[in-house]
Every structure is written in C-alpha cells, then in structure tokens.
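Here's a quick briefing to read with the structure open beside you. Let's start with a question and then work through the fold, topic by topic.

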Amino acid sequence: MNTLELIPSDAATKTSADLQVIELANDADPRTLALDGITRIDLNFPKFTDGRAFSQAYLLRRRLDFKGDLRATGDVLVDQLMQMQRTGFSSAVLRADQNLAHAQRQLTHFAGFYQGDAAQPQPQFTSQGATA
C-alpha cells in the first residue's frame with residue numbers, strides 16, 4: 001500500500017504560516033525535540049549515501065509516536081522511496097532530476113512485505129488469515 005506523498009522539487013513550497021515545522025539536521029537526536037504542536041518534521045538527506053534520516057524517521061514514528069508529516073528533503077532519489085515509506089516518511093521532495101512517473105511506479109512494485117516496518121509494525125505471518 002502506497003502511503004508516501006511524492007512532491008516534485010519545483011512544487012515544494014516553503015512552510016505556510018499555519019504549520020508548525022521543524023527542520024532537523026541529520027546529526028541531531030530526535031529524542032531531544034519537544035513535539036507538542038509540531039505538524040511536520042523535515043529530515044534532510046544531504047547526499048543519497050547518507051542514511052541517518054532513515055533512522056530518525058523510524059525513531060520518530062515508532063518510539064516517539066509522531067503522527068504528523070515526516071518529509072524527506074535534499075538528495076532524494078527514486079531508488080530510496082520504498083525504504084522511506086517503510087521507515088515512516090509520509091512525504092518526499094524529489095531531487096530536481098528525478099522523474100515523478102518513475103517514482104510513482106516504484107511505489108507500486110510490491111503489494112506488501114513479510115517483515116514489519118514503521119507503517120505496518122506487525123509482520124505478515126501474524127496477520128489474520130496467515131497459515132503456517
């Protein structure tokens with residue numbers, strides 16, 4: 001199930017006045033944040049090989065129970081989108097040279113996963129109707 005909103009880089013807007021947004025550096029500890037009233041947290045990928053924002057997203061979703069928008073920004077490639085969705089991101093601003101149609105197709109390749117993740121914590125084998 002696709003739960004990740006894809007945003008082309010030219011359509012990404014700055015924060016509107018009615019949103020409470022935090023831009024979290026990828027070396028910051030999310031456990032130090034006061035999340036009351038925060039509606040969006042922007043997690044940055046300074047380069048595609050730096051995956052610390054994946055860990056931050058998972059921590060925010062699963063351990064800190066953040067319910068708002070977790071947005072991936074920076075060097076966001078189509079190849080990373082499935083992992084972003086599985087670690088808890090709810091939106092991603094694609095790098096300018098990334099094709100939106102390819103990105104949307106990437107998110108439809110798999111109907112589900114055997115392991116649990118941030119979006120679906122229960123592994124598939126524990127779901128109702130699973131057989132041994």
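With which side chain does the side chain of Asp50 make a polar contact? The partner is the side chain of Asn26, at 2.8 Å. Bear in mind that this is a predicted model. The protein chain has 132 residues, of which 39% are buried, and it holds 3 helices and 5 strands.

**Overall layout**

- Reading from the N terminus, the elements go β-β-β-α-β-α-β-α.
- If you look at contacts in the protein chain with a separation of 6 or more, 59% of them come from residues 24 or more positions apart.

**The sheet and the helix across it**

- The 5 strands make an open sheet with parallel pairing, in the order E1-E5-E4-E3-E2.
- At the edges sit strand E1 (5-7) and E2, each of which pairs on one side only.
- On average, neighbouring strands in this sheet are turned by 20 degrees against each other, ignoring direction.
- E1 and E5 run parallel and are joined by 3 bridges. In one of the pairings between these strands, Leu6 has Ala92 in E5 as its bridge partner.
- Helix H1 lies across E2, E3 and E4, and its direction is at about 160 degrees to E3.

**Around Asn26 and Asp50**

- Asn26 belongs to the loop between strand E2 (21-24) and strand E3 (40-45), while Asp50 is in the loop between E3 and H1.
- Why does Asn26 count as buried? Its relative accessible area is 14%, and the cut-off for buried is under 20%.
- Asp50 is buried by the same cut-off of under 20%, because its relative accessible area is 12%.
- Besides the 2.8 Å polar contact with Asp50, the side chain of Asn26 makes a polar contact with the side chain of Arg52, at 3.5 Å.
- Setting aside neighbours within four places in sequence, Asn26 is in contact with Asn44, Pro46, Asp50, Arg52 and Gln56.
- With the neighbours within four places left out again, Asp50 is in contact with Asn26 and Phe45.
- Asp50 also has a C-alpha to C-alpha distance of 9.3 Å to Asp75, which is 25 residues apart from Asp50 in sequence.

**Aromatic pairs**

- How many aromatic pairs does the structure hold? There are 3.
- One of them is Phe45 with Phe54, an edge-to-face pair with 5.0 Å centre to centre and 70 degrees between the planes. Both of these residues, Phe45 and Phe54, are buried.
- Phe54 also forms an edge-to-face pair with Phe89, at 6.5 Å centre to centre and with 85 degrees between the planes.
- That pair links distant parts of the chain, with Phe54 in helix H1 and Phe89 in the loop between helix H2 (81-87) and strand E5 (91-93), 35 residues apart.
- Phe54 and Phe89 are both buried.
- Put together, ring pairs link Phe45, Phe54 and Phe89 into a cluster.

**The nonpolar core**

- As background, nonpolar side chains in soluble globular proteins tend to be buried together.
- Here, the largest nonpolar core has 25 residues, and those touching the most other members are Leu43, Leu81, Met84 and Phe89.
- Which elements give two or more residues to this core? They are E2, E3, H1, E4 and H2.
- H1 gives the most to this core, with 4 residues.
- Phe89 is worth a click on screen: leaving out residues up to four places away in sequence, it touches Leu4, Leu43, Phe45, Ala53, Phe54, Ala57, Leu70, Arg71, Ala72 and Met84.

- Most residues other than glycine have a negative phi.
- Where is Asp65 found? Look in the loop between helix H1 (52-63) and strand E4 (69-74).
- Asp65 is partly exposed, because its relative accessible area is 46%, which lies between the cut-offs of 20% and 50%.

Definitions and conventions. Residues are numbered from 1 along each chain as its sequence is written. This is a predicted model: local features need pLDDT of at least 70, side-chain atom pairs count only at pLDDT 80 or more; totals for chains, interfaces and linings use all residues. Side-chain values use heavy atoms; hydrogens and water are left out. Buried means under 20% relative accessible area, exposed over 50%, partly exposed in between (1.4 Å probe, protein chains only). A polar contact is a pair of N or O atoms within 3.5 Å; within protein, one must be able to donate a hydrogen and the other to accept it, and residues adjacent in sequence count only if both atoms are side-chain atoms. Contact means heavy atoms within 4.5 Å. Rings of Phe, Tyr and Trp (its six-membered ring) pair if their centres lie within 6.5 Å; planes under 30 degrees apart count as stacked, over 60 as edge-to-face and the rest as tilted. A nonpolar core is a set of buried Ala, Val, Leu, Ile, Met, Phe, Trp, Tyr and Cys residues joined through side-chain atoms within 4.5 Å. Two strands pair if DSSP finds at least two bridges between them. Axes are lines fitted to C-alpha atoms, for helices over the stretch in contact, and angles run from 0 to 180 degrees between N-to-C directions.
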